Amino acid sequence: MSSSARSGFAAPWRWSVVTTPLIAAGGVFATGAFVDVLNVGVAYVVAVALFAVFGTVSVCNAAEPGRFASVYATAAVVLAGAWLVWTAATTAWSGRAVTVLLCGLGLLGPFWFLARNTHHRKRLKEAEEERRRLAAAEARRWPAMLAGLGMDGIVQLERVDHSSDTYSLRLRLPSNGKVKFASLKSRTEEIEITAGLRYGAINVERGKSAAEVWMHVNEVDVLARVVPLPRENTPLTINNPLPLGVYEDGTVLAVPMQGRASKTVGLRGKGKSNLINVKLAALTRCADVVIWMIDNKGGRTARPWLLPWLEGRTQRPVIDWVATTNVEVARMLRAAEAVIDYRSNSGAGGDKIIPTARMPELMIICEEVALIFGQHDMSNLDNARRGLKIVQLGRAEAVSVDLVAQRGTVTMLGGGDLKSQLENTFGLGVADANDARYTFGDTKIAADLARLEHAGSMLVQAGRDTRIVPAKAWWIEYADIGGPGGIAEQNSYIGPDLDANSAAAANSAGGYNERWSRERAGHLVPTTERPADWGKPIAIPASAPETTASRLGLRPSKLIPFPAGDRPKLHVVPDKPVRDIPPVLAAVHQVFRSTKADRLHTTRLLADEALSGISAKRLGAVLGEYGVQPLSQPFVEDGQRGRGYRYADVAAAVQRIADGRNEET
């Protein structure tokens with residue numbers, strides 16, 4: 001509805017001070033005219049008028065609109081009834097009857113505003129009193145409940161609502177010292193049982209003074225939900241906290257990463273790889289961050305982020321350097337050392353470098369750090385020493401690390417000195433409470449970490465002196481990273497190149513300029529996509545979007561040489577209609593093109609008018625005849641998880657038919 005339509009519809013109600021008396025007077029006159037036409041007897045009109053008066057008095061006594069409003073309503077009904085009785089005995093069509101009615105309107109009309117205003121103020125006062133009554137009852141509910149558990153004397157000072165199911169209570173402990181913070185925190189399970197809440201719904205932390213505590217109540221388990229990553233690609237800066245998920249109360253989890261060394265600890269299957277992808281999704285949106293990654297899984301975590309470049313859809317990889325072998329890891333660590341040495345000796349930035357696109361933050365993410373720094377292998381000693389130097393000296397030089405391990409022990413993280421320098425901590429689940437103490441140290445927090453059961457659920461400490469809070473990492477589907485139009489492709493033009501002098505230092509120490517050579521990075525190219533000739537240079541599309549470096553007028557870093565020479569050629573479905581394509585396949589292809597999605601749920605496809613009446617089983621059978629198979633893993637779309645199809649498979653089937661080479665049939 002347009003704004004003019006809305007305003008025209010609402011105008012009579014906005015001007016009800018004027019329109020209500022006019023409408024009432026018109027209604028009275030219409031009633032009198034109707035009675036006059038029907039020639040109703042005066043006795044009947046008198047009876048109805050008396051009934052209306054008594055009804056008005058009864059309604060006012062029940063509704064209690066206020067004394068003035070009650071008197072006004074009764075007087076208006078009495079005078080209206082008297083006018084109707086008079087016109088029933090005479091006529092409503094005389095000038096005298098109309099004059100009397102208008103005089104009554106002039107007498108009672110101005111007082112309508114006062115009557116309505118007094119009624120409104122009385123209702124507001126009643127609503128405020130009811131709110132205060134409920135607040136007082138709520139303020140007594142929790143102290144009374146705690147008193148029933150033997151914790152007498154606790155007073156509720158404040159309640160802060162975060163959502164309909166999540167709130168925080170500021171409590172004051174009794175001055176006699178009988179109830180302490182530690183005793184209250186240790187009995188949260190008893191409080192949850194008494195309050196009828198789920199296990200883990202209550203979390204307690206200290207307030208500003210020793211006598212104050214905050215009790216956070218979360219009636220809904222946000223950690224059990226799958227929260228998809230919001231699809232945004234607006235540029236960020238590392239100088240601001242990066243969004244990584246949601247807190248238990250539903251607010252966005254934003255963690256400062258600039259100049260901070262981080263550790264991520266969790267067992268297999270607890271969501272470490274997904275959290276790495278979430279961090280990469282945020283870091284690649286930063287216009288002042290260069291990402292290096294040590295991926296000891298043979299490049300499994302990094303490869304989807306490289307796919308847009310490996311497939312020729314972008315002119316640069318979104319991750320600046322990937323190391324998957326021990327030799328390459330050693331080169332990368334030496335290069336990071338050299339960057340720190342250069343920047344510290346250059347005097348850039350004064351006492352501390354503030355990252356910009358011209359001198360960006362260097363973020364080194366290390367997957368399975370135990371294989372690089374772990375004390376179980378003496379050959380890691382040199383790497384551990386370099387890692388310690390990078391962590392100790394990198395803060396002022398805008399060089400940070402994020403270490404990922406399965407346990408938080410010093411033997412896995414490279415030693416106690418290195419572990420003590422890691423400020424941000426992400427705990428995603430451990431084997432037991434004893435193992436959890438290596439991550440956070442606190443016994444109660446260790447117990448909380450040990451009972452996290454949902455993948456992606458974690459405890460987060462953003463800095464040493466901050467509170468440890470439960471949170472849920474956003475969920476990223478694997479195909480959303482490197483697929484057409486995916487996160488990696490959209491973000492590849494945001495990130496900067498490493499500044500020229502830092503790149504020169506890295507090249508001198510670790511062969512930075514040759515990091516994407518065939519010998520060092522060729523294994524990252526999928527075998528099926530390696531061209532026969534690996535020696536040809538890359539042809540950069542002239543229409544490629546402008547990078548951050550080119551917008552700043554900076555010389556691009558030497559990352560263009562492709563490890564496989566020519567990029568594989570992609571088949572693109574032409575825009576013009578193609579004949580002889582089966583109707584079902586053509587309809588599915590059209591749905592994908594209209595939605596511009598790289599994958600869709602089966603239910604979404606069947607909702608299209610062209611596919612109405614077809615069952616999911618029949619759709620799968622028809623598409624299967626042309627080599628289009630459903631995805632093996634379910635994925636999240638519009639908050640729903642389900643199975644579906646990928647656009648690339650549908651487009652490939654259409655292309656095969658268009659080329660007259662449908663081998664699948």
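**Helix α9**

I started with helix α9 (residues 303-310), where 7 of the 8 residues are buried, so the helix is largely enclosed by the rest of the structure. Buried here means under 20% relative accessible area, exposed over 50%, and partly exposed in between, with a 1.4 Å probe and protein chains only. Helices are DSSP runs of H or I with at least four residues, strands are runs of E with at least two, and both are numbered from the N terminus. The model is predicted: local features need pLDDT of at least 70, side-chain atom pairs count only at pLDDT 80 or more, and totals for chains, interfaces and linings use all residues. I also noted that residues are numbered from 1 along each chain as its sequence is written, and that side-chain values use heavy atoms, leaving out hydrogens and water.

Which residues of α9 are buried? I listed Pro 304, Trp 305, Leu 306, Leu 307, Pro 308, Trp 309 and Leu 310. Their cover includes α8, β9 (321-323), α17 (479-482) and α18 (487-491). After α9 comes Gly 312, with a positive phi near 80 degrees.

**Cores**

Next I looked up the largest nonpolar core, which has 47 residues; Trp 305, Ile 319 and Met 458 touch the most other members. Such a core is a set of buried Ala, Val, Leu, Ile, Met, Phe, Trp, Tyr and Cys residues joined through side-chain atoms within 4.5 Å. Helix α8 (residues 272-283) gives this core its largest share, 7 residues. Another core, of 33 residues, lies apart from it, and Ile 294, Leu 403, Ala 405 and Ala 506 are among its members.

**Glu 367**

I found Glu 367 in strand β10 (residues 361-367). Is Glu 367 buried or exposed? It counts as buried, because its relative accessibility is 1%. Its side chain makes a polar contact with the side chain of Thr 301, at 3.1 Å. A polar contact is a pair of N or O atoms within 3.5 Å; within protein, one must be able to donate a hydrogen and the other to accept it, and residues adjacent in sequence count only if both atoms are side-chain atoms.

**Helices α22 and α24**

Last, I checked α22 (residues 583-595) against α24 (residues 616-624): they pack at about 100 degrees, with axes 9 Å apart. That makes α22 roughly perpendicular to α24, a label for angles of 65 to 115 degrees, where under 35 is roughly parallel, over 145 roughly antiparallel and the rest oblique. Axes are lines fitted to C-alpha atoms, for helices over the stretch in contact, and angles run from 0 to 180 degrees between N-to-C directions. Contact means heavy atoms within 4.5 Å.
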